[in-house]
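Colleague: Before I use this model, I would like to go through the labels attached to it. Please set each value against its rule.

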Amino acid sequence: MGQPILQVKNLEVEFVTDDGIVRAVNDISFDLYPGETLGIVGESGSGKSVTNLTVLGLIPQPPGRVVNGEVLFDEQDLLKLSHRQFQTIRGKRIAMIFQDPMTALNPFLTIQEQLIEVSMLHLGHTRAAAINHAVELLELVGIPAAASRITEYPHQFSGGMRQRVMIAMALSCEPDILIADEPTTALDVTIQAQILDLLKVMQDKRGMAIIFITHDLGVVASICDRVLVMYGGRKVEQTDTKTLFASARHPYTLGLLHSAPRWDQPQQTRLQAIEGQPPDMMNLPAGCAFAPRCQWKTDECSAAVPELVSIGTESTEGSHVFACIHADRIQQARSTSPEELPHV
């Protein structure tokens, strides 16, 4: 797989609140390789967005603070950079598409003013050159009549068009890494497909790596090369996309798979909900955070946080990694009696 372009090592992030300390990210590690798409999935509150906002240096400090870890990019630990040093990387070499374009875009500025700011800052464009560049970007992401629409305001664009503007802004400087935080959540299925196709085309043209944050397993199946599953701020499973769908080992991953509709299921097939609620991040349970919701649990599950186990290749990133002491039982049940799998 070559050398990773980004390495996140043992990252821990917490927030100090009036009610206590929220442990948002607990010992997260992953590598990202050039040209690949890494999906990060999990329920709301699992730590997906906080992990990637930390990579971009966008965690407000205080109340947030990085307790431990490294984020290595281009032989630099991004966590040690000053605000001024980070400005030369954020937006230029690592860019982000935020989840809600209506809040990410400034409603008081035209699309033109918001697009040209990026290229004037990072590419040294004159105002005229920046405007031409902005029009080209809008045409690239499929906005019709870009030359005339660029002077409009965000509220004059549809949701899909605003998302395309966000993509244009993120691609303005041809970044090495693009972080997409649930960029298709509020869009209808047709627009979702168009946005995903657009990202894939841009990736193929520019060779950038993508971190795709989502809770939609259908999106994961269509766009991601590898998948990292998070729960309670921790990594609970990671492998390539095909292996995850065919041979998931963690009960939480199974729960996500069983709760999502599939095209090859009979119409009368009932989806299986994951019972219970995500853990309170200020009072995480002892041991496995998923144990209170898991029908595979035993007393051992509450004794200690399960360690990550790696199977497959010698490389951690090329192998199947999971954190469950009952993974072998789950695999045996899947291969011998799939109908006996619990409704996790």
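Modeller: Start with the rule for aromatic pairs: rings of Phe, Tyr and Trp (its six-membered ring) pair if their centres lie within 6.5 Å; planes under 30 degrees apart count as stacked, over 60 as edge-to-face and the rest as tilted. Tyr231, Tyr252 and Phe290 form one aromatic cluster. This is a predicted model, where local features need pLDDT of at least 70 and side-chain atom pairs count only at pLDDT 80 or more, while totals for chains, interfaces and linings use all residues. Residues are numbered from 1 along each chain as its sequence is written, and side-chain values use heavy atoms, without hydrogens and water.

Colleague: How many aromatic pairs does the rule give?

Modeller: The count comes to 3. In one of them, the ring centres of tyrosine 231 and tyrosine 252 are 4.6 Å apart and the planes are at 55°, so the pair is tilted.

Colleague: Why is tyrosine 231 called buried?

Modeller: Buried means under 20% relative accessible area, exposed over 50%, partly exposed in between (1.4 Å probe, protein chains only). Tyrosine 231 has 3%, so it counts as buried. Tyrosine 252, at 0%, is buried by that rule too.

Colleague: What makes arginine 149 a charge over the ring of phenylalanine 157?

Modeller: The rule asks for NZ of Lys or CZ of Arg within 6 Å of the ring centre and within 35 degrees of the ring normal. Arginine 149 lies over the face of phenylalanine 157, 4.3 Å from the ring centre. The charged end of arginine 90 sits over the ring of phenylalanine 86, at 4.8 Å from its centre.
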